[in-house]
Amino acid sequence: GNRYCINLVSIAGPVPTNGDEYKSPDGSRASSELKLVSLKDFIVNGHIDYAKLRTEDGRSKLLECLTYVERTDVTKLKNMEVVCFYCNAYNIVCLKGLMDVLDDDYHYDGHTSIARRYNFFNKTEHIVAGSNISLYDLENSIIRKFGDARVHAYLNCGAMGCPFFPDVWLTPENCEEVLEKQTQAWIHDQGAVILTKAGAVGARNSSTGSDKPAADAAAGEMMKKKKAKIKPVAGDEEIMKPKAHGTCEKPPMNPLRWECDYETADRICCFNRHFAEFAGYWMQTTFANDGKTHESVGQAITFYDSIYGYPVFTSPKERSWKQFLDESKDHGWPSFRDPEVNWENVRLLPNGEVVSKDGTHLGHNLPDRDGNRYCVNLVSVAGREPGGNSSSGAKGAF
């Protein structure tokens with residue numbers, strides 16, 4: 001009968017352990033075979049014990065973590081799972097890179113030349129989620145764009161001045177607690193951050209000790225930024241229950257701003273949960289001209305709900321007009337970010353639908369690497385400005 005001749009090295013993977021597993025919020029693994037095992041047995045006072053990690057047990061556990069990083073399908077992860085995955089991946093592949101260096105030269109004393117640093121961080125590529133990427137690109141092209149500065153207190157590149165190597169992996173459940181703990185430890189315990197005379201935040205040489213007042217000030221600035229972070233206001237299906245006019249109490253205003261089509265607005269706003277005006281529709285209205293006028297004088301535009309007339313978005317905020325317009329052109333619909341949403345009047349449903357607090361369908365949340373991105377129908381936010389000319393649909397009317 002059949003006889004299968006197998007290479008032993010092909011079936012010599014480590015026996016599964018009961019280490020810390022990375023799980024999705026519903027308790028399932030990202031893959032039935034992939035998990036992150038704990039490396040805390042190889043961490044001493046926030047630093048990796050490389051001699052112990054280079055043992056058979058250490059290599060076996062690191063390999064299991066590396067397999068998780070290489071084979072995980074990030075398209076099956078959601079929101080904070082993606083953030084946690086890439087932050088964990090950075091620490092794991094960097095650790096593997098340092099292990100490779102030590103295997104070549106156990107007396108290695110650090111990246112003592114610019115060329116060696118460049119080669120390690122910029123040129124050497126690792127497999128992360130099935131794609132080749134350098135540590136530099138992993139940090140700057142992916143992780144940095146998540147917008148939370150505290151992740152840099154979690155990433156460890158092996159340098160003495162780096163944050164302590166975390167003794168737990170980042171998960172959606174512990175993310176806030178771990179990032180806060182790592183940041184506080186990095187600033188206070190390690191004295192890694194100081195405020196210069198000009199008020200800028202800078203790195204402290206690890207041999208100089210901690211500057212407690214300056215560290216407190218730096219921590220305070222980070223806490224202010226953290227508290228200022230805007231979170232979407234969640235809604236539920238009750239908002240979209242049938243009313244006098246579809247999901248709304250009444251039809252849209254008539255006329256609408258920017259010469260938007262009334263029948264399209266009525267259909268999209270009040271009798272629709274899934275569909276949208278055609279891509280690029282907003283560019284065929286007079287909105288583009290009004291946008292240029294506002295851009296020339298440095299003014300943002302406030303967008304009003306087409307049914308109820310209250311403000312729902314103001315853009316641009318924390319970015320330029322060019323960035324707002326370029327992103328909207330790229331995706332086909334006006335695209336807003338968290339700071340541009342008036343959460344007093346807007347709700348985000350569990351399925352990603354963006355609606356007004358009274359049932360107007362506005363669009364959908366389609367997050368990208370920069371965070372939440374609300375793709376909105378212009379006909380849904382073309383309400384006339386309160387107190388404006390209610391009888392005119394002429395170009396440039398506000």
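The following legends describe close-up views of one predicted model.

The model is predicted, and local features need pLDDT of at least 70, side-chain atom pairs count only at pLDDT 80 or more, and totals for chains, interfaces and linings use all residues. Residues are numbered from 1 along each chain as its sequence is written, and side-chain values use heavy atoms, with hydrogens and water left out.

**View 1. Helix α9 and its buried side.**
Helix α9 spans residues 287-296; helices (H or I, at least four residues) and strands (E, at least two) are DSSP runs, numbered from the N terminus. Phe 287, Asp 290, Gly 291 and His 294 are buried in this helix. Here, buried means under 20% relative accessible area, exposed means over 50%, and partly exposed lies in between (1.4 Å probe, protein chains only). The four buried residues lie on the same side of α9 because they cover an arc of only 105 degrees around the axis. The arc is taken from the directions from the helix axis to the C-beta atoms. An α-helix has 3.6 residues a turn, so residues three or four places apart point the same way. Lys 292 and Ser 296 are exposed on the face of α9 turned away from its buried side. The buried residues of α9 pack against β7 (301-304) and α10 (321-331), where contact means heavy atoms within 4.5 Å. Just after the helix, Gly 298 has a positive phi of about 70 degrees.

**View 2. Helix α10 and its surroundings.**
The buried residues of α10 are Trp 321, Phe 324, Leu 325, Glu 327 and Ser 328. They are placed on the same side of α10, because their arc around the axis covers only 165 degrees. These buried residues pack against α9, β7, β8 (311-315) and β9. The face turned away from the buried side carries Lys 322 and Asp 330, which are exposed. Gly 332 follows α10 and has a positive phi, near 100 degrees.

Side chains of opposite charge can pair when their charged atoms come close. A salt bridge is a side-chain nitrogen of Lys or Arg within 4 Å of a carboxyl oxygen of Asp or Glu, and a search of the whole structure finds 14 of them. Lys 322 is exposed, at 53% relative accessible area, whereas Asp 326 is partly exposed, at 35%.

The side chains of Glu 327 and Arg 337 meet in a salt bridge (2.4 Å, N to O). Glu 327 lies in helix α10 and Arg 337 in the loop between β9 (335-336) and β10 (346-348), so the pair ties together parts that are 10 residues apart in sequence. Both residues are buried. Salt bridges that share partners join Arg 319, Glu 327, Arg 337, Glu 340, Asp 368 and Arg 373 into one network.

**View 3. Arg 373 in its loop.**
Arg 373 is found in the loop between β12 (361-365) and β13 (374-376). This arginine is buried, with a relative accessible area of 7%. Its side chain makes a polar contact of 3.3 Å with the side chain of His 331. A polar contact is a pair of N or O atoms within 3.5 Å; within protein, one must be able to donate a hydrogen and the other to accept it, and residues adjacent in sequence count only if both atoms are side-chain atoms. Not counting residues up to four places away in sequence, Arg 373 touches several residues, including Glu 327, Ser 335, Phe 336 and His 364.

**View 4. His 245 and its contacts.**
His 245 belongs to the loop between α7 (212-228) and α8 (262-270). This histidine counts as buried, at 18% relative accessibility. Leaving aside neighbours within four places in sequence, His 245 is in contact with Lys 250, Pro 251, Asp 266, Cys 270 and Phe 271. His 245 and Phe 271 are 26 residues apart in sequence, and their C-alpha atoms are 8.1 Å apart in space.

**View 5. The pair Asp 148 and Arg 150.**
Asp 148 and Arg 150 form a salt bridge through their side chains (2.8 Å, N to O). Asp 148 and Arg 150 are both buried.
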